[in-house]
Amino acid sequence: MDNIISVAALTRYDSLATFSNFGRDSVDLGAPGQTIYSSTATTDTFYANFDATSMATPHVSGVAALILSRFPAANLPELR
């Protein structure tokens with residue numbers, strides 16, 4: 001779909017994580033997604049390691065924000 005930036009989760013060795021979905025033409029960017037130290041919903045002070053493409057997505061969002069800060073007029077196809 002033209003309005004989606006698809007994300008793959010990578011390991012610390014820059015290989016595709018075993019749980020990550022992928023496709024021949026469907027991944028726009030891979031980012032760290034395994035053993036990511038993150039906050040939890042349990043309390044404001046508890047952190048744990050997580051493995052998920054949802055851990056990779058904030059990295060990709062950051063990349064998109066940096067691209068748009070440099071090229072604010074970029075449209076979605078240019079951003080992808």
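Student: Leaving aside neighbours within four places in sequence, which residues is Ala17 in contact with?
Tutor: Ala17 is in contact with Ala9, Leu10 and Thr11, once neighbours within four places in sequence are left aside. Please keep in mind that this is a predicted model.

Student: How confident is the prediction, then, as a mean pLDDT of the protein chain?
Tutor: The mean pLDDT of the protein chain is 90, and 100% of its residues reach 70 or more. Confidence is highest in H1, at 94, and lowest in helix H2 (residues 76-79), at a mean of 90.

Student: Back to Thr11. Where does it lie?
Tutor: Thr11 lies in the loop between strand S1 (7-10) and strand S2 (29-32). Apart from its neighbours within four places in sequence, Thr11 is in contact with Leu16, Ala17 and Gln34.

Student: And why is Thr11 counted as buried rather than exposed?
Tutor: Thr11 has a relative accessible area of 14%. Buried means under 20%, so Thr11 falls in that class.

Student: Which residues make up the largest nonpolar core?
Tutor: That core has six residues in all: Val7, Ala9, Ala17, Ala31, Ala56 and Val60. S1 and helix H1 (53-70) each supply at least two residues of this core. As a general background, nonpolar side chains tend to be buried together in soluble globular proteins.

Student: What share of the protein chain do buried residues make up?
Tutor: Buried residues make up 24% of the 80 residues in the protein chain. The accessible surface of the chain comes to about 5900 Å², and 56% of that surface belongs to carbon and sulfur atoms.

Student: Changing topic: how many helices and strands are there in the protein chain?
Tutor: The protein chain has two helices and four strands. From the N terminus on, these elements run β-β-β-β-α-α. The C-alpha trace spans about 40 × 30 × 20 Å along its principal axes.

Student: Which residues other than glycine have a positive phi?
Tutor: Two examples may be given here. Asp14 is not a glycine, yet its phi is positive, at about 65°. Thr35 is not a glycine either, and its phi is about 55°. For background, most residues other than glycine have a negative phi.

Student: One last point: how many positive and negative side chains does the protein chain have?
Tutor: There are 4 positive and 7 negative side chains, and the centres of the two sets lie 6 Å apart.

Technical notes. Residues numbered from 1 in each chain as written. Heavy atoms only, no water. Buried < 20%, exposed > 50% of the residue type's maximum accessible area, 1.4 Å probe, protein only. Contact = heavy atoms within 4.5 Å. Areas by Shrake-Rupley, 256 points an atom, 1.4 Å probe, with all protein chains shown as cover. Lys, Arg positive; Asp, Glu negative; His and termini not counted. Charge placed at Lys NZ, Arg CZ, Asp CG, Glu CD. Core = buried A, V, L, I, M, F, W, Y, C linked by side-chain atoms within 4.5 Å. pLDDT = per-residue confidence, 0-100.
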